[in-house]
Amino acid sequence: YPDAELPHFETEKINENTLIMTYTSVRKMADLAYGLIDGCMDHFGEKVVISQVALNEDGSKTKFVIIKK
């Protein structure tokens, strides 16, 4: 699919226990991204708290803050 518009993630490691992931996509599927992040953490046995903050009104940019318990 040469014209596919894939989502983009920017990551920032704050410290050993905190990661910020910023999701950007024209598809506006941040809830799906949340589920994939949560599923990955569960699969690898990581205990985390994930918060989700919309960065704009149309839902195309969302920040996830992932904190290891």
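This section describes the fold, surface and nonpolar core of the protein. The model is a predicted one.

The protein contains four strands and one helix. Along the sequence, these elements run in the order β-β-α-β-β. The C-alpha trace spans about 40 × 25 × 20 Å along its principal axes. Contacts between residues at least 6 apart in sequence were examined for their range; 38% of them join residues at least 24 apart.

The accessible surface of the protein amounts to about 5300 Å². Carbon and sulfur atoms account for 54% of that surface. Of the 69 residues, 23% are buried. Charged side chains number 8 positive and 11 negative. The centres of these two sets are 5 Å apart.

In soluble globular proteins, nonpolar side chains tend to be buried together. The largest nonpolar core in the protein has nine residues: Met-21, Tyr-23, Ala-30, Ala-33, Ile-37, Val-48, Ile-50, Phe-64 and Ile-66. Helix 1 gives the largest share, with three residues.

Ile-37 belongs to this core. Neighbours within four places in sequence aside, Ile-37 is in contact with Met-21, Ile-50, Phe-64 and Ile-66.

Technical notes:
Residues numbered from 1 in each chain as written. Predicted model: local features only at pLDDT ≥ 70, side-chain atom pairs only at ≥ 80, totals over all residues. Heavy atoms only, no water. Helix = DSSP H or I, 4+ residues; strand = E, 2+ residues; numbered from the N terminus. Buried < 20%, exposed > 50% of the residue type's maximum accessible area, 1.4 Å probe, protein only. Contact = heavy atoms within 4.5 Å. Areas by Shrake-Rupley, 256 points an atom, 1.4 Å probe, with all protein chains shown as cover. Lys, Arg positive; Asp, Glu negative; His and termini not counted. Charge placed at Lys NZ, Arg CZ, Asp CG, Glu CD. Core = buried A, V, L, I, M, F, W, Y, C linked by side-chain atoms within 4.5 Å.
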